[in-house]
Amino acid sequence: MDYFGQLLANGLVLGAIYALTAVAFTLVYGVVRLVNFAFGELFMLGAFLTTSLMLPEVRLLGTVVPMPGFPLPIAALGAIVVTGIIGVVVDRIAYRPLRNAPRLAPLITSIAVSVVLQSLAQTIWGAEELRFPQFYLATLEPVVLFDSIYLSVMDLVVMATAIVAMLGLSLFIARSSLGRAMRASAEDQTAAMLVGIPVNRVVAAAFAIGSGFAALAGLLYAQTYGFAHSSMGFLPGLKALTAAVLGGIGSVPGAALGGLILGLVEALGAGYLPNGTAWKDAISFVLLVGLLYLRPQGLLGRPELNSAGRGSLLGGASSAGVGWLQAVFARFDALLTRGAAAGTPAAFGLLAVAVVVGLMVPSDYWLRILTMVVIYGMLASGLNVIVGFAGLLDLGFVAFWAVGSYLTSILFVLVLKDGYGIAPQEVWWLLYLNLPLAGLLAAGFAVLLGTPTLKLRGDYLAIMTLGFGEIVRVVAINWMDLTNGPMGIRGIPAPNLFGISLGSPRAQFFFALALAVVVVFAVARLVRSYVGRAWVAIREDEEAAEAMGVPTARYKLYAYAASGFVGGFVGVFYAHSQQYISPLNFSLFENILLLMLVVLGGLGTFIGPFVGALIWIAFLQLALDLPFVQAYPETRFALLGVVLIVLMVFRPQGLAASARVGLTMPGARAKEAA
Amino acid sequence: MTALLEARQVVVRFGGLEAVGGLDMAVARGAIHGLIGPNGAGKTTVLNVLTGFIRPTAGRLVFDGEEIGGLNVNGFARRGLARTFQNIRLFGAMTVLESVLVGAHQRFSSSAPALIFGGRAARAAERAMIARAHELLTFVGLGREVVDRVATTLSYGHQRRVEIARALMSSPKLLLLDEPLAGMNALEKQEIADLVRQVRAQGIAVLLIEHDMQIVRSLCDHLTVLEYGKRLADGAPEKVLSDPAVQAAYLGRTR
């Protein structure tokens, strides 16, 4: 009973924090139908700002800056106001230009905003934790309930603050004229605009209030756990989103309920399940996935929010942008269009260029970098099948990649070498067997994970796949016997052919290039057939595709399978090329990065993923020459995020979008000209 | 001879609203069957029921002697019911040829390995369907010059024709057209009406929703009139259109 009571109390504190963040997600979603992933980062900013304002001095960008040393309430208020303003600015710059774009464009932008804010925070405050200062309330004796449950005064303050904030918000939405305008905009934005509601101002208000709530939750979290850190917002952000979905996204009471449930389940799960603390992150995501499967509208939500998006995820050409940039793009587009029309010869031309580059580049360093370009290009091609062609935003793709990498590493290292003492060179051929085997295994896995998502669309699909990806990562970390856990697997042998090691950087590059030829060829053959036409038809109009006799559910699973196959296939080579893997290699960030590469290059093209990978890796290396970046390596990610945001606003179709992919079998039309 | 498509006692309720109340109708083989009625009578709802988009609250659907009520939408299409939409729904970003080929989806059967390794049968099927698509595009009156254009960039009238070609691509037994003449001028209407007759001449039955009574009178062999989701009249056009109840429904509501 004592133990239970204590867990209950902990759960309530955690639940209050989740509930406050969930309110942020729900408020903005309600008004603009945007899942703003960046709230996790605004949560983090709230924590950093409060902590900094309370301290006498803080090290910012490496220099010690004197700070006012405010008491908690004033620091908190300041942090909430500043974060609210940041939220409004983010909306103005990154989201407002995309208000009429397809729904996934702002979603991807919000992921980019998230990356930018997190990298900037790490640049400013450094990679270490910033300790939350001592203050009067925290030094008071804890309150003891029933002789055995300890609640600190601050725990009570956290709960009371959450209750007051949420009641206040509910009253505000119900009674004030701005609140009424918010409800009207939530129902129908166009109609609200027609009756004279300044919708942009209402949306800005929603962002301001939401960001304030996120900041409040963040500073309470920092206070409870005693620190602020640049990546602290990531998991609570995802969990708050889970809580919002749990309660029914768009509903404020739902967010409160969802937060509470999630906090309690997590605290009790951590306390009672065997090894519960290690698995507690998985508990939330299992809950999320289960709920989305059984009741996607959440506990208190309305069903229509799982609505169908039609058409490409990102929309067509944008006419925004300065003249010279448009001209550059026009030149580039003409080149790509000609290349795409040439088809196979153009592909051979590019391959020849890659071969020549591979032979000529003198330094091992650059060969390794080029190998990474090819690996990321292949992985992005796999993701492109599901996201670019079938139009399903999958944030769990890394799981398939992980399946391939782990399969081959476990077989070679943990089973054969450690278990039976068989040297890798004796079984060099196993690598070539593992490639298709891992592909099939990952494809099976993809179908397994894809099946429960079939009912979901748009944002919900993205959230569910994200949940799956996180579950897989937590399993990889905790299933020590299978994966070696966080230590990872070392000593994975380099590729080998008939006893000849292919470990040299040049050999690896050509190995990767050969695999890329296989991947692109296979994907292209599938896309340029009735299968690819069915995928694109599903992306463009699922109902019409179904009415034309396309079994859409089955073809979505085929897309998952094809995408999973590529992930597993490439994952095998990845493991052998890196020779060391750990769960860190397969984080959500990697998935986001791959997604950004595809978006950067152009969704639904064959060359786009490679263009994206080339630009990204080249950018990473070139940026290292800048003195500022040398001092603050994280700024590279911030820059990538900025590039992506700019791209979403000015060129949502991606750089290589003009390399349009034909969807009929090459050669099948040869005779028709006659 | 039995009817091609039979709806028996079909009821559709949305919450408390009864959109279709106990409808019986039958579409004969090789017929051009008109579905008419004032605005809000439930015509599109009936069409959606007949193509599987809406699962009726009660009632049976028999197509070509087979019970089809429990099938998915793609199951309806696979059995030979093809449709067009009131608001044209072509696939954006696809060319005319590619869009039309989607209509032939069920006629492809090559496996993934066959597609990847370039099986002879896979190539032959693709070739045959592309040839068929060209035939059908010519049949609906579209020239070679539009084949490789993105379908949604064509004129409204041409988009309608692409949609009809796409539906015919599945070699249906029954073609369902939801207001195919909407928004067209007199000449275009005559052209589409002629096209519908040619479709029928190939042995494909047609069910169409239409408001233009002159066209309906000259085009249809059989009419079903709906009012408030119920069948008001059913039979040959001359007989139905001279029915006082039908005239009252139209005159009372449209002017």
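Asn484(A) sits in the loop between helix H18 (480-483) and strand E7 (489-490) of chain A, where helices (H or I, at least four residues) and strands (E, at least two) are DSSP runs numbered from the N terminus. Its phi is near 70°, a positive value in a residue other than glycine. Asn484(A) is also buried, with 20 other C-beta atoms within 10 Å; buried means 20 or more such neighbours, exposed 12 or fewer, and partly exposed in between, with C-beta atoms placed from the backbone. Chain B has a case of its own: Ala93(B), not a glycine either, has a positive phi of about 70°. Ala93(B) lies in the loop between strand E6 (81-83) and helix H3 (96-102) of chain B, and counts as buried because it has 20 C-beta neighbours inside 10 Å.

All of this comes from a predicted model, in which local features need pLDDT of at least 70 and side-chain atom pairs count only at pLDDT 80 or more, while totals for chains, interfaces and linings use all residues. Residues are numbered from 1 along each chain as its sequence is written, and chains are lettered from A and ligands numbered from 1 in the order in which they are written. The model scores ipTM 0.93 and pTM 0.88. Chain B averages a pLDDT (the predictor's confidence in each residue, from 0 to 100) of 90, and 98% of the residues score at least 70.

Now for the inside. Beyond its neighbours within four places in sequence, Ala19(A) is in contact (C-beta atoms, placed from the backbone, within 7 Å) with residues including Ala162(A), Met166(A) and Leu260(A).

Helix H22 (residues 552-578) of chain A is mostly covered, with 24 of its 27 residues buried. Gln579(A), which follows H22(A), has a positive phi near 65°.

Chain A is assigned domain 1 (2-303) and domain 2 (328-666), with bounds from an automatic or database domain assignment. Between these domains of chain A, 33 residues of domain 1 are in contact with 34 residues of domain 2. H4(A) supplies the largest share of the domain 1 side that touches domain 2, 14 residues.

Note on methods: Two residues are in contact if their C-beta atoms, placed from the backbone, lie within 7 Å.
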